[in-house]
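Dear colleague,

I am handing over the structure below, and I would be glad if you could read it alongside the notes that follow.

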Amino acid sequence: MPAGSKPDKPLWTEEFSVYASEDKFVLRRQFTKFLVLTSFGMLAGNVWILIKSLVRRPRTAFPELAIGRASGIASGEVKLFNYPTANDPCILVRTPSGRLAAYSQKCTHLSCAVYYARAENRLECPCHEGYFSVEDGSVLQGPPPRALPKIELETRGEQLYAIRVVENRARI
Amino acid sequence: MFGREFYVDPSRCIGCRSCIAACAECDSHRGVSMIHVDYIDRPNSIATVPMVCMHCDEPTCAMVCPADAIKKGEDGVVRSALKPRCIACSNCVLACPFGIPKVQLDFELMMKCDMCYDRTSVGLKPMCATVCPSQALSYLPPETIAENRRGHPVNDFRFGNEDVRTMVSMIAPAEAAAIAVDVADYMWEDGNAGRQ
């Protein structure tokens, strides 16, 4: 009999229905089964990720991208660009010391966009307050597990080029 | 299931108790029979009736269970009490109008006829219907019953004002529409009340 065919039924008939198909009560055994299957699922997912990361080859060929004139960026200024593809946002900063540094804009924690905080002279991720050094991209504080990938730059005359993404080995 | 229904025909029962023996053979409850062969009026007659669970549409046994241990499955079969839940309180034993559930005190568990759902779900007959020599218990297509029996199947029982509809049918005399049971008629303690 479908539930609710008698609106004046007492509550217990709904909560502890005598019809197995309407039973909502979860048995210990069912719950344990759910836990076991879920943890097996987690294990399988982790093994899959591990295998994928072992098989993955790091990218070796990078395009060159003209970012702009090196003199066009004053000290403490920022320029955003996409490199190596249009889906990889990057940030170019001229530090107060006058050096040009470019990093991937994706926070290594959960890929929020980092921005340059001029007052503190550091790259900040607003999502979980992960801070990166603007000098070498290393993690200053917060949850990010790795330093920001560095974009290698080259100046040809006045023109500034991004030539390569290098995995940042800077210590956290 | 598989176009077959369960029928109990008390007029055919010869009291051989094959059904009891067959029921107790089942591996899922070996040694414990879940079928009862009852004398209807022992002082005056040797007539017997085999009682299997009638699998009521609204099972009273399950309704009164305080531990939520008795369930009616999607196949319409009212199962034995779930072992982790049953507290052997005997509410179902007292509540069932057909006197089917019995509490096994050894295991503190109510066990009752479950129409051998392990067999019927794969197209086999229940154990008792398989062995019944007079087919007082039969698991057959309704057409076969209509052809071969004098009575007609009834699955509507009246206990006073309580109307109980069941999945299992009882073969009643041709003129009976519903089987009315006056419980007081069957009380042994009451002397000969209702028995003229």
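The expected span of a helix is 1.5 Å times one less than its number of residues. Helix α2 of chain A, which runs over residues 28-55 and has 28 residues, reaches 41 Å from its first C-alpha to its last, close to the 40 Å expected on that basis. Please bear in mind throughout that this is a predicted model. Of the 28 residues of α2(A), the number buried is zero, so the helix lies largely in the open.

Chain A: hairpin and sheet

Strand β2 of chain A (residues 78-82) and strand β3 of chain A (residues 89-94) run antiparallel and are joined by five bridges, with a hairpin of six residues leading from β2(A) to β3(A). Within this pair, A:Phe81 stands opposite A:Cys90 in β3(A). The loop between β2 and β3 of chain A also holds A:Pro84, and the peptide bond that joins A:Tyr83 and A:Pro84 is cis, with omega about 0°. For context, most peptide bonds are trans.

Chain A also has an open sheet of four strands in the order β5-β6-β7-β8, with antiparallel pairing. Its edges are β5 (115-117) and β8 (139-141) of chain A, each of which has a single partner strand, so one side of each is left without a neighbour in the sheet. On average, and with direction ignored, neighbouring strands of this sheet are turned by 40° against each other. Strand β7 of chain A (residues 130-133) pairs with β8(A) in the antiparallel sense over two bridges, and A:Tyr131 has A:Gln141 as its bridge partner in β8(A).

A:Tyr116, which lies in strand β5 of chain A, counts as buried because it has 23 C-beta neighbours inside 10 Å, the cut-off for a buried residue being 20 or more. Leaving out residues up to four places away in sequence, A:Tyr116 touches A:Val78, A:Ile91, A:Val93, A:Leu123 and A:Val134. The C-alpha atoms of A:Tyr116 and A:Ser133, which are 17 residues apart along the chain, are separated by 9.9 Å.

Chain B: sheet and cores

Chain B has six helices and nine strands, and 33% of its 196 residues count as buried. Among contacts in chain B between residues at least 6 apart in sequence, 52% join residues at least 24 apart.

Five strands of chain B form an open sheet with mixed pairing, in the order β6-β1-β8-β7-β9. The edge strands are β6 (137-140) and β9 (179-181) of chain B, each of which pairs on one side only, and the twist from one strand to the next averages 40°. Inside this sheet, strand β1 of chain B (residues 5-8) and strand β8 of chain B (residues 162-172) run parallel and are joined by two bridges, with B:Val8 opposite B:Met170 in β8(B).

Which residues touch the most other members of the largest nonpolar core? In this core of 46 residues they are B:Ile35, B:Val52, B:Ile70, B:Cys128 and B:Leu137. The elements that give two or more residues to this core are β1, α1 (18-25), α2 (60-63), β5 (109-111), α5 (127-131), β6 and β8 of chain B, and β8(B) gives the most, with four residues. A second, separate core of 23 residues includes A:Ile67, A:Tyr116, A:Cys125 and A:Leu148.

Backbone points to check in chain B

Most residues other than glycine have a negative phi. B:Met115, in the loop between β5 and α4 (117-120) of chain B, has a positive phi near 55°, and B:Met115 counts as buried because it has 27 C-beta neighbours inside 10 Å. B:Gln135, in the loop between α5 and β6 of chain B, likewise has a positive phi, of about 55°, but B:Gln135 is partly exposed, with 16 other C-beta atoms within 10 Å.

Contact between the chains

The contact takes eight residues from chain A and 10 residues from chain B. On the side of chain A that touches chain B, six residues are nonpolar, one is polar and one is charged.

With best regards

Key: Residues numbered from 1 in each chain as written. Chains lettered and ligands numbered in written order. Predicted model: local features only at pLDDT ≥ 70, side-chain atom pairs only at ≥ 80, totals over all residues. Buried ≥ 20, exposed ≤ 12 C-beta atoms within 10 Å, placed from the backbone. Contact = placed C-beta atoms within 7 Å. Pairing = 2+ DSSP bridges. Nonpolar A, V, L, I, M, F, W, Y, C, P; charged D, E, K, R; others polar. Axes fitted to C-alpha atoms, helices over the stretch in contact; angles between N-to-C directions. Core = buried A, V, L, I, M, F, W, Y, C linked by C-beta atoms within 7 Å.
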